[in-house]
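Try each one yourself before reading its solution.

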Amino acid sequence: MTQDLWLGWEDADRLMQPDYPDAVPVLLVHGWNGSEFTWPDAKRLLAMEKRLGRDIVYFNYRTGALPNRYPPLEAMEEHLERYLKSFPQVDVVAHSMGGLLVRQYLAHHRGHNIRRLLLLSVPNYGTDAASLLAELASVTSTGNVQAQEIQPGSDFLWQMNMLGGSELDGIEVLNAYTTSQRRLAGDLVVDPVSAWLPWAPNVSVDGDHHTLPSSLDRFQFIFDFLQEGRIPEKLAEMPSRRDLWVRVQRGDGEPIVFSAASVKRRHSPKGNWEKPGVVICCDRRSSMYDDGATTVIADDVHPGEALQLIDRSRSPIRAIEVNVPENMDQPVVFVEKTIGPIAEPSGGPAAPDATAVPEPVGP
C-alpha cells in the first residue's frame with residue numbers, strides 16, 4: 001500500500017513536468033469539492049500525454065463542503081486568470097462547477113488564451129444538490145457561498161446565462177454530459193435540462209456524474225476534440241422538458257422579492273391557482289453583485305400555464321400574472337417583467353399585468 005502511494009506521487013510529479021513545451025497544453029479544472037483525484041490517476045494521464053503529444057496540467061482551487069471557507073467563483077476567476085497567463089495558448093477541460101468557473105472567467109476576460117473548451121457534466125442551470133448544501137450551511141453566518149451560486153435560480157446563474165453564450169464566442173466548444181435509462185442511475189447531481197448547453201454542440205454518454213472526468217482518457221470523442229477540434233457526428237438531442245425562470249422588477253429597476261407563499265401556478269387557462277410546482281431562489285445573496293432579486297422557478301411547464309405572483313411590498317398589494325411563452329426553444333426559458341404603477345388615485349388605468357388586490361391574499 002505504501003509503495004503504491006509513493007509510485008502515485010512520483011507519477012504526479014512527472015506529470016507536472018513540461019515534456020512538450022512547444023505544444024498547446026491541456027488544463028484540467030475540477031468541480032465542487034474536487035481535486036486532482038477527479039481525473040484518471042497520474043499514470044494514465046502520462047500515457048494520455050504521450051498519445052496527445054501535449055502536456056496535461058491541473059488547476060486546483062479552494063472548494064469544499066464546509067461553510068465559511070471557500071470564496072465565490074467571481075473571486076476565483078481572478079486566480080484562474082493568473083494561472084492561465086503562464087501559457088501562450090491552452091485547451092481547457094472543465095468538470096461540473098469547474099465549467100461554471102471557466103464560463104465566468106470568459107465572460108470577463110475577452111483577451112483570453114483559451115483555444116478549445118470541453119465541458120463535462122456542468123450544471124449550467126444549477127443543481128438541486130447545491131440547494132440542499134446551501135440550506136444545510138445556512139445555519140452559519142455566511143453559509144457556503146459556492147453552493148449558493150450554483151443552486152437553480154441564483155443571481156450568479158441568471159446573469160451568466162443571460163449572456164446567451166456570448167462568452168463562448170471565438171472558442172471551439174464541446175459540451176458533454178451523462179444519462180442513463182436505468183432507475184436511480186445516470187447523473188444524479190446534474191440532470192440533462194441543466195447539463196444541456198444551448199450555445200454549443202452537445203454529446204451524451206451513459207454514466208454518472210464522475211464517469212466523464214474519471215474516464216477522460218478512454219473516450220475517443222474527447223481525444224478527437226482535444227487533438228483536432230473534431231465534433232462527434234452523433235449529437236445529443238435537446239431535452240424535451242422546459243423549465244421557466246421568472247424575475248420581476250418595478251419601473252425604477254428595484255427588484256420585487258417574492259416568497260413561496262406569494263406564488264401560485266395554474267396548469268391551464270381555466271384551471272385553479274395552486275401552490276405546488278414552484279420554487280423560490282434565493283434566501284441568501286448568490287453572487288458578488290446580487291441586487292436582491294428573487295427568481296421564481298416552475299419546472300416542466302407548457303404553453304397555456306401561468307404563474308400568479310403576489311407583490312405584498314406596497315399598498316394595495318397586487319397580483320402579477322406571468323404566462324408561459326408559446327415558443328420555448330431552450331430547456332430553461334428566462335422571463336423578465338417590469339411592472340409599472342397600479343391605478344393612481346385619479347382613477348387612471350392599472351398596468352395590464354399588475355392588478356390591485358383589494359383584500360389581503362392568504363398564504
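**Exercise 1.** In this predicted model, find which residues lie nearest the centre of the largest pocket, and work out what its lining is made of.

*Solution.* 

Step 1. Start at the middle: D128, S131, Q151, P152 and V279 lie nearest the centre of the largest pocket. They belong to a lining of 31 residues, around a pocket with a volume of about 610 Å³.

Step 2. Next, look for the elements that give two or more residues to this lining. These are α5 (128-137), α8 (192-195), β7 (243-250) and β9 (278-281). The largest share comes from α5, with five residues.

**Exercise 2.** Describe how helix α2 (residues 42-52) and helix α10 (residues 220-228) are placed relative to each other, and which residues meet.

*Solution.* 

Step 1. Two numbers are needed, since packed helices are described by the angle between their axes and the distance between the axes. Here the axes of α2 and α10 come within 11 Å and cross at roughly 50°.

Step 2. Now classify the angle. Roughly parallel would need an angle under 35 degrees, and roughly perpendicular starts at 65; α2 and α10 are therefore oblique to each other. Their crossing is right-handed.

Step 3. List the partners: M48, R51 and L52 in α2 meet Q220, I222, F223, L226 and Q227 in α10.

Definitions and conventions: Residues are numbered from 1 along each chain as its sequence is written. This is a predicted model: local features need pLDDT of at least 70, side-chain atom pairs count only at pLDDT 80 or more; totals for chains, interfaces and linings use all residues. Side-chain values use heavy atoms; hydrogens and water are left out. Axes are lines fitted to C-alpha atoms, for helices over the stretch in contact, and angles run from 0 to 180 degrees between N-to-C directions. Helices (H or I, at least four residues) and strands (E, at least two) are DSSP runs, numbered from the N terminus. Angles under 35 degrees count as roughly parallel, over 145 as roughly antiparallel, 65 to 115 as roughly perpendicular and the rest as oblique. A crossing is left-handed if the near helix is turned anticlockwise from the far one by less than a right angle, and right-handed if clockwise. Contact means heavy atoms within 4.5 Å. On a 1 Å grid over the protein atoms alone, a cavity is a set of points where a 1.4 Å probe fits but cannot get out, and a pocket is an open set with protein on both sides within 12 Å along at least five of seven lines; lining residues have an atom within 4 Å of a point. Grid points are joined across faces, edges and corners, and a volume is the space filled by probe spheres set on the points.
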